[in-house]
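Subject: Structure for you to look at

Dear colleague,

I am handing over the structure below, and after it I have set out what was found. Please read the notes alongside the coordinates.

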Amino acid sequence: MRYKLTFVVGLTLGYVLGTRAGRERYEQLKKSARQVAQNPAVRNTAETAAQQGRQFAGKAYHAVSDKVGDRVPESVTQRVRSLRDRNSSGPAEDDWGTSSR
């Protein structure tokens, strides 16, 4: 899903930068993108996907840690804990200090 979104964003950006339609077309695209991003269905779907990703990451960590035991680096353990904390609490900041919601 992330790669599809990245492709669509790149395609849109390329079109906007390459088009000769000018500022008016750019403003139309920007308005459309804002409307899509603010759509409750889109926001709910994105949040659901994020939660499922965090759940799968936790399950994968447990499956791997059961097989490798204490050989999991501390940095991986800390990252999984932060994902679990983010999943169980309200809005949190990501690695770059921006809100994830």
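Arg54 is found in helix H3, helices here being DSSP runs of H or I with at least four residues, numbered from the N terminus. The model is a predicted one, in which local features need pLDDT of at least 70 and side-chain atom pairs count only at pLDDT 80 or more, whereas totals for chains, interfaces and linings use all residues. Residues are numbered from 1 along each chain as its sequence is written, and side-chain values use heavy atoms, with hydrogens and water left out.

Arg54 has a relative accessible area of 12% and is therefore buried (under 20%, with a 1.4 Å probe and protein chains only). Its side chain is joined to that of Glu47 by a polar contact of 3.4 Å (a pair of N or O atoms within 3.5 Å, one able to donate a hydrogen and the other to accept it, where residues adjacent in sequence count only if both atoms are side-chain atoms).

Gly58, Tyr61 and Ser65 are buried in H3 along with Arg54, and the buried residues of this helix pack against H4. Contact, meaning heavy atoms within 4.5 Å, brings H3 residues including Gln51, Arg54 and Tyr61 to H4 residues including Val76, Val80 and Arg84.

Best regards

Methods. Helix = DSSP H or I, 4+ residues; strand = E, 2+ residues; numbered from the N terminus. Buried < 20%, exposed > 50% of the residue type's maximum accessible area, 1.4 Å probe, protein only.
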